[in-house]
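Reader: I would like a close look at one part of this model. Start there, then show me what surrounds it.

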Amino acid sequence: MSKFDRRAVAARGTRTRRAVVVRLAAALAAVTAAAAVGTALPGLQASAATGTVTGYATANGGTTGGAGGQTVRATTGTAIHQALCNRASSSTPITIQVEGTINHGNTAKVSGGSCNTAAGVIELKQISNVTIVGVGGGAVFDQLGIHIREASNIIIQNVTVRNVKKSGSPTSNGGDAIGMESDVRNVWVDHVTLEASGGESEGFDGLFDMKDNVQYVTLSYSVLRNSGRGGLIGSSESDRSNGYVTFHHNLYENIDSRTPLLRGGIAHIYDNHYVNLHESGINSRAGGRAKVENNYFEDSKDVLGTFYTSEAGYWQVAGNIFDNVTWSSPGSENNPAGPNVQSNTSVSVPYSYSLDTASCVPDVVRRTAGANTGLQVSNGSCTPQSPTASPTSSPTSTPTTTPTSSPGGTNLSIGAGSDGSSKASGTSYGNVRDGDLSTYWSPSGSTGDISIKWGSATTVSRVVIREAAGSSGAIGSWQLLNGGTGAVLKSGSGAGTITFTATSLTKITFRITGASGTPKVAEFETYAS
């Protein structure tokens, strides 16, 4: 179990929870004149996109991605690069629908006059007008990052990017799940899941980084978890050319710091759910200004302030809830905003938006954020709804389950091993292979992995997932993976019997990517036929 798994379990299982809920007043007065100086933005315009683009990505002419261009399907990283390189020019609009697992083995460099790609990373370099959207059973970028450089008008939607490393093997994208740098404009990242399996010492870096003049970006309805670093805006105290970034309806879970780290520039941060931030959260410094409203901070430390520097940042706060949040003492390089959180600047944003009240943010985010959640959004009244516009080809996940009657043969899970992602307090990985329907495993949140593993290669072609009594129907979308290679064997929704092409493997993983309520897996049965 990594330090991140241990921390998440400890935060829920051993702490005495205090129902401390502090609601902030609407913008408080203390305004630093130098920090309150705004910067004029270009006019806004409506934009046709997959769903409805929001936030700062609507500025500077709007973000439309590949709207109006050709739509192509890709199941490998090489195919994504080929689609970019086969365009008439580097600015010809294109929508690339991605399905399956993209990894180092299927991502090669492709050359052409309309692209500049590299092996081992999805390279959106010196291009514009591109949409990448996950469809069908879902798109997973496994240990392989997405790099946006000298590019504009980019949409990334409904994909998972996981376990990208900057050290160890294999490495990709400097360790960032999604990284933007060098004169990037107008990027909308929506309904994605970005996750790592540790911090810098384990080889990972940031989940969502912007540096060297990146502006007009929105990150919405996404999940960022299990990482040392959530993301940064500005790579150093002197890199202050980035900004105009909106973060809304995202889940940050089991993160050490940088949710985000803001150096200079402006960020608008609203209706996000922060859970288990271990060291610090929103770190506004070096003149950065953050408008922070209607967020729900839970079981965390130092969720807002200026940290690790003497160069001050600023914040305007309203409507946030602090639930079991602890604060450190101020110091020469440590200026937490709490416990008596007050505004010290004012920030105006040039677009309209609807705020959910902070008290309902955890539920709304749980039901809408991340890949494979049906692109659900909030209606501004704490209720999820379908997107107002559909992608060129709506992502679908055809149910592949049947009633949970047992297939013939031996349940290969009995006597095997098991592991998984962070588990809820009081549950065990071994409960899914003990033949006892009264015991179960639950993830620490609404999504997570549970695996069955063997000491030698074992052929499996059928799986039965049985939910615990009282939780029937909680499991929503899922992927069944070859735990050794990361290959997706099957995707679908709901518990039951899953059949697939017979595969020889040493580990099989059931990944819950969407749920209504708390999933409870009583048994994870595996069969040869």
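How many of the 9 residues of helix H2 (residues 77–85) are buried, and why is the helix called largely enclosed?

Author: This is a predicted model: local features need pLDDT of at least 70, side-chain atom pairs count only at pLDDT 80 or more, and totals for chains, interfaces and linings use all residues. Numbering runs from 1 along each chain as its sequence is written, and side-chain values use heavy atoms, without hydrogens or water.

Now the helix. In H2, 8 of the 9 residues are buried, so the rest of the structure largely encloses it. Buried means under 20% relative accessible area, exposed over 50%, and partly exposed in between, with a 1.4 Å probe and protein chains only. Helices (H or I, at least four residues) and strands (E, at least two) are DSSP runs, numbered from the N terminus. The buried set is Gly77, Thr78, Ala79, Ile80, His81, Ala83, Leu84 and Cys85. What do they pack against? Four strands: E2 (70–74), E3 (94–102), E4 (122–125) and E5 (128–142).

Step back to the whole chain. The protein has 3 helices and 35 strands. Of its 529 residues, 60% are buried.

Confidence comes next. Mean pLDDT, the predictor's per-residue confidence from 0 to 100, is 87, and 87% of residues reach 70 or more. Residues 12–49 fall below 50, although the model gives this stretch 90 contacts beyond near neighbours in sequence. Residues 390–407 also stay under 50, with 51 contacts beyond four places in sequence. Where pLDDT is low, the predicted coordinates should not be read in detail.

Now the aromatics. Rings of Phe, Tyr and Trp (its six-membered ring) pair if their centres lie within 6.5 Å; planes under 30 degrees apart count as stacked, over 60 as edge-to-face and the rest as tilted. The count comes to 12 aromatic pairs. Tyrosine 270 and tyrosine 353 have ring centres 5.0 Å apart and planes at 35°, so this pair is tilted. Tyrosine 270 is buried, at 3% relative accessibility. Tyrosine 353 is partly exposed, at 27%. Phenylalanine 322 and tryptophan 327 also form a tilted pair, because their centres are 5.9 Å apart and their planes stand at 55°. Both phenylalanine 322 and tryptophan 327 are buried.

One aromatic cluster holds Tyr56, Tyr216, Tyr244, Tyr270, Tyr351 and Tyr353. Tyrosine 216 deserves a stop. Tyrosine 216 lies in strand E13 (residues 214–220) and is buried, with a relative accessible area of 6%. Its phi is near 65°, a positive value in a residue other than glycine. Aspartate 271 likewise has a positive phi, near 55°. This aspartate lies in the loop between E19 and strand E20 (273–277). Aspartate 271 is buried, at 0% relative accessibility.

Two cis peptide bonds are worth checking. Threonine 259 and proline 260 are joined by one, with omega about 0°. Proline 260 is in the loop between strand E17 (251–257) and strand E18 (261–263). The bond from glycine 338 to proline 339 is also cis, with omega near 15°. Proline 339 is in the loop between E27 and H3.

Next, glycine 435, in the loop between strand E30 (417–420) and strand E31 (448–467). Glycine 435 is exposed, with a relative accessible area of 53%. Beyond residues up to four places away in sequence, glycine 435 touches Ile414 and Glu523. Glycine 435 and glutamate 525 are 90 residues apart in sequence, with C-alpha atoms 8.7 Å apart.

A cavity is a set of points, on a 1 Å grid over the protein atoms alone, where a 1.4 Å probe fits but cannot get out; lining residues have an atom within 4 Å of a point. The search finds 1 cavity of 30 Å³ or more. The largest cavity has a volume of about 40 Å³, meaning the space filled by probe spheres set on the points. Its lining includes Asn163, Val164, Phe204 and Leu207. Those lining residues divide into 5 nonpolar, 3 polar and 3 charged. Here Ala, Val, Leu, Ile, Met, Phe, Trp, Tyr, Cys and Pro count as nonpolar, Asp, Glu, Lys and Arg as charged, and the others, Gly among them, as polar.

Notes. On a 1 Å grid over the protein atoms alone, a cavity is a set of points where a 1.4 Å probe fits but cannot get out, and a pocket is an open set with protein on both sides within 12 Å along at least five of seven lines; lining residues have an atom within 4 Å of a point. Contact means heavy atoms within 4.5 Å.
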